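Have a look at it, then read on.

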Amino acid sequence: MLDANPAYRQRPSRRMRDILYSESFRTAIYQIALAGAVGLLGLFLYQNVIENLQRQNIATGFGFLREISQFEIGETLIEYSSRDTYFRALVVGLLNTLKVSAAGIVLATLVGFCVGIARVSNNWLLQRIATGYVEIVRNIPVILQVIFWAAVIRNLPAPRQALDLWGTGFLSNRGLTVATPASDPAHLWMILAFVAGVALMVAGDRWAKRHREATGRHVDILWPGLALIVGLPLLVWLAFGAPHAISFPERKGFNFAGGSTVSPEFVALMTGISLYASGFIAEIVRAGIQATPKGQVEAARSIALRPRFIMRYVVLPQALRVIVPPLTSQYVSLIKNSSIAVVVGYPDLVNIGNTVMNQTGQAVEAIAVMMLVYLIVSLVTSTLMNLYNRLVAIKER
Amino acid sequence: MTKSTSTLNAGDPVISLHNVSKWYGQFQCLHNVSLDVGKGERVVVCGPSGSGKSTLIRCINRLEVHQEGQIVVKGLEMTDNIKSIDAIRRNIGMVFQNFNLFPHLTVLENLTLGPTLTRQMKKADADELAMHFLRKVRIPEQAQKYPLQLSGGQQQRVAIARSLCMEPEIMLFDEPTSALDPEMIKEVLDTMIELAQSGMTMIVVTHEMGFARTVADNVVFMADGRKIESAPPEEFFGNPREERTRAFLDQILKH
């Protein structure tokens, strides 16, 4: 014991010593030092940039966002023309990024889960095919895969010789053109009604759980919930006089008229980044399935459940809690991978940001905007997935 | 409880093992094991760890695959035919050492999963059946809880109820009390004794010799993958024939 040492006790500055040697004091000192170093580095970089920009007579700040862009964008989800501002151009790019990411996440998840389940299948052939698929898609750089799909689509027949998809649409080197309901103001309201239905079902589920815990009575909200999700948009559709016109695509000149077209750039990018991600997702799903204790499958077998029921009701729900956290990283990385859109000319955020940067010379600001947007999108994705993870977590004590 | 019922007058065997052998790679874990179990008969299988007793009963519902010999359950031979596997499994309930309850489902859902999916019962009927068996194992109030919120003894009773919900004619128990704290062993054994009294055909792998004495019609002793000895409990415990049986009983009854 140090205190028992008389020489030690006689030191006058013992209190001071206690502070200097205390763990919390040391921790605080290191943190302050680190924060200071980071701050100084930031300040140095900032001043450096400002000085260089001033020397080149480039104005700093985000004022350029309000200027007119003067360039067209091939694919937009909102109204846009070359007379709109840079800000609106960037929003168009962001929406395109979100569009390709959302479609990519859905495709990657579907393919990934199927391949992952096939990886642990007892069917030798299926298992080998799945393994081969995984090794190919995850070991070829994603950028090459995107370019590959772009080349495949470019070699499809021209619209005049387009592949007819049994009257519902065409596949050609102009992309995929399919019949869709003719545009109608009702559609926006139907989407809103659908979202409202989903929200009500989630709320209903919460209520039913509380009700069950309080009274022990079980209320099944699945069917009323589904009725809401389907019924609300249906009611809105009826309220708008049930618009049911369908726009069929027709060959017209060198292109198609009517229907809606998914561009070749979109298809190439979406296929490339989602198949690439699907290889990783398949491995995550396999790991999750194999992490489920063997006893669970044995118990399910002993009550004579069929293999597909065992997978659906016993293994997958438990595998999900192992799958979701790394799956989140894959979603986030897929969103970020969509930024290679420029190699196939898809107008995503980075592609448009580049154009903006070249026209205005405001490289630092444009990149800052892009980085901030990706950061926000990724963080939102992680947050949503974490919420979902809490939902599927296993209840203990 | 009568202990005089013997294999001979209990009618035709519902489970009949004939010269069953099994290998894990080069290692032979079962050597020509034969065993007949009549309807309503209670058989306790004991032996040192690694003797193959768990493997033996796991072969009966094909959680393990035997390579030689015959396993016949109610006249149906266990082969790799999925129909016969399915039919036999529907007739056999199994209780595991580690309970193996489905942790993501409530107790009630654990119990109704089999009846609704394999027996295609209506949800309401399955719920009623599940509550019936939860009352039998005396924990109906836990129906809406999740397995990990229960004690070990309660979990094992839920596992027994889950098997019973398939309304099997035969129940297999694979060391059902080995993972339990001492104070919870009794509640599980009591449940098993009640089940035995109701006439269920049971094969129980256990080290609970007290249970074997009171409940078993026949005690089977296994060592090194071989069936060494099989006798009614009073004979088995009072006058074991084989040297290995005596050594085993000496060890576990000393304390």
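## Salt bridges

A salt bridge here is a side-chain nitrogen of Lys or Arg within 4 Å of a carboxyl oxygen of Asp or Glu. One of them joins the side chains of Asp217(B) and Arg42(B), at 3.7 Å from N to O. That pair ties together distant parts of the chain, 175 residues apart: Asp217(B) sits in the loop between α7 (209-215) and β9 (218-223) of chain B, while Arg42(B) belongs to strand β3 (residues 42-46) of chain B. Helices (H or I, at least four residues) and strands (E, at least two) are DSSP runs, numbered from the N terminus. Over all chains, the count comes to 21 salt bridges.

## Ground rules

This is a predicted model, where local features need pLDDT of at least 70, side-chain atom pairs count only at pLDDT 80 or more, and totals for chains, interfaces and linings use all residues. Residues are numbered from 1 along each chain as its sequence is written, chains are lettered from A and ligands numbered from 1 in the order in which they are written, and side-chain values use heavy atoms, with hydrogens and water left out.

## Where the chains meet

On chain B, 25 residues are in contact (heavy atoms within 4.5 Å) with 22 residues of chain A. The two chains bury about 2,400 Å² between them, 61% of it on carbon and sulfur atoms; buried area is the accessible area (1.4 Å probe) that two parts lose on being put together, summed over both. His104(B), Leu117(B) and Leu148(B) supply 23% of the area that chain B buries against chain A, more than any other three residues.

Which side chains meet in a salt bridge between the chains? They are Glu298(A) and Arg58(B), at 2.6 Å from N to O, and the count between chain B and chain A is one salt bridge. On the side of chain B that touches chain A, the elements giving two or more residues are α2 (82-91), β6 (92-95) and α3 (107-117) of chain B. The residues on that side split into 13 nonpolar, seven polar and five charged. For these classes, Ala, Val, Leu, Ile, Met, Phe, Trp, Tyr, Cys and Pro count as nonpolar, Asp, Glu, Lys and Arg as charged, and the others, Gly among them, as polar.
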